[in-house]
Amino acid sequence: MKIVIIGPGALGSLFAAELAARADNDVWLLDHDAERAARINGKLLLTVGEQEFCRLVSFSADATRIGPADLVLLCVKSRDVAAGINGSRALFTPTTILITFQNGISHLDTLAQMKLPVQPAVGVTAMGATLKAPGHVCHGGHGLTRIGFLSPVPREKEKQLDRVEDLFRQAGMPTERVANILDFVWAKLLVNVGINALTVIYDCPNGDLLVNAEAKAKLVAAVLEGHAVARALGIDVPTDPVSQTLTVCEATAANISSMLQDVRRRRPTEIGAINGALLDKARELGIDVPVNSELVSRVRQIEDGYLRTAPRGSCPDRL
Ligand code: KPL
């Protein structure tokens with residue numbers, strides 16, 4: 001199967017490395033940075049515990065050079081979804097399967113507003129990945145990946161997604177096809193709503209939020225506000241979101257959240273796609289979410305501080 005992953009960040013690189021373990025998969029990584037793509041081309045390094053593997057993955061910055069694909073995994077940040085799809089139209093035929101993996105919910109609005117080459121499926125994953133350097137990814141544990149369509153599709157498309165589920169499993173990634181993917185998108189959103197912004201505000205690893213009484217109270221309040229919005233939208237979050245967030249916080253205690261990593265690298269954060277998008281939905285519904293409102297203002301203030309002072313012409317690294 002010809003598989004193209006768009007975005008060489010932690011998750012994109014991990015998917016590429018795992019899928020390339022099988023010789024019958026022809027795996028490509030589409031990177032917007034041509035110089036980096038040329039440098040890494042063909043040698044993606046995967047670290048799993050003490051072991052290191054070199055995986056054969058072709059890198060390119062040119063979708064027309066890659067050509068039509070059977071499967072495209074869109075693994076760019078939420079704000080880059082439109083650019084990612086527009087820059088990769090040469091990959092698509094009517095039978096290509098597209099699965100998008102982003103944090104938050106704002107990419108769903110972007111996708112709904114775009115003229116897409118195919119009807120996309122959405123993915124939610126708990127796979128752990130850290131990018132050590134461009135072209136070198138560390139595997140941090142096999143969490144479950146869920147995939148599904150947001151709305152009904154023809155039977156043939158359903159079967160294609162079943163084949164992707166098999167493909168992921170054969171590559172050693174626990175994967176499940178679900179009919180209610182939106183519920184899982186929201187379940188993950190609420191975990192990120194409770195953890196990410198607070199790790200930025202307190203400048204701490206995830207687990208420290210549990211031992212700081214003020215931070216923990218805000219975490220619980222932010223998730224409860226988010227759950228109220230989800231319920232008002234008719235979303236049936238599959239597990240209790242407060243206990244789920246506390247469990248994830250404990251399980252990832254030593255982790256530096258993706259948002260805090262962005263802040264430390266002086267890159268734009270995903271606050272708009274996570275707590276910010278929740279705020280927008282709450283406003284539309286007339287629901288008060290004061291804790292999330294405070295989290296958004298405080299993270300934006302921190303972010304504005306370094307984005308405004310970025311050297312003229314500098315461009316944050318968009319992986
Ligand atoms: O998804 C995460 C993130 O950092 O974005 C969590 C679950 C909070 C793990 O760090």
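How far apart do the C-alpha centres of domain 1 and domain 2 lie? A few notes on this one, bearing in mind that it is a predicted model.

1. The answer first: the C-alpha centres of the two domains lie 25 Å apart. Domain 1 covers 2–179 and domain 2 covers 182–307. Their contact draws 16 residues from domain 1 and 18 residues from domain 2.

2. On the size of that interface, a quick reminder: it is often given as the accessible area lost when the parts come together. Here domain 1 and domain 2 bury about 1500 Å² between them, with 60% of it on carbon and sulfur atoms.

3. If you care about charges, the count between the two domains is 2 salt bridges. For a specific pair to look at, Asp262 forms a salt bridge with Lys77, and their closest N and O atoms are 3.1 Å apart.

4. Now over to strand β1 (residues 2–6). Of its 5 residues, 5 are buried, so the strand is largely enclosed by the rest of the structure. Side chains in a regular strand alternate between the two faces of the sheet. In β1, Lys2, Val4 and Ile6 point one way while Ile3 and Ile5 point the other way, and all are buried, the lysine included.

5. β1 has a parallel partner in strand β2 (residues 26–30), with 5 bridges between them. Ile5 stands opposite Leu29 of β2. Getting from β1 to β2, the chain passes through helix α1 (residues 10–19), and this β-α-β crossover is right-handed.

6. β1 also pairs with strand β6 (residues 71–74), again in the parallel sense, over 4 bridges. Check Val4 here: its bridge partner in β6 is Val72.

Technical notes
Residues are numbered from 1 along each chain as its sequence is written. This is a predicted model: local features need pLDDT of at least 70, side-chain atom pairs count only at pLDDT 80 or more; totals for chains, interfaces and linings use all residues. Side-chain values use heavy atoms; hydrogens and water are left out. Buried means under 20% relative accessible area, exposed over 50%, partly exposed in between (1.4 Å probe, protein chains only). Helices (H or I, at least four residues) and strands (E, at least two) are DSSP runs, numbered from the N terminus. Two strands pair if DSSP finds at least two bridges between them. A crossover is right-handed if, with the strands pointing away from the viewer, the path from the first strand over the helix to the second runs clockwise. Domain bounds come from an automatic or database domain assignment. Contact means heavy atoms within 4.5 Å. Buried area is the accessible area (1.4 Å probe) that two parts lose on being put together, summed over both. A salt bridge is a side-chain nitrogen of Lys or Arg within 4 Å of a carboxyl oxygen of Asp or Glu.
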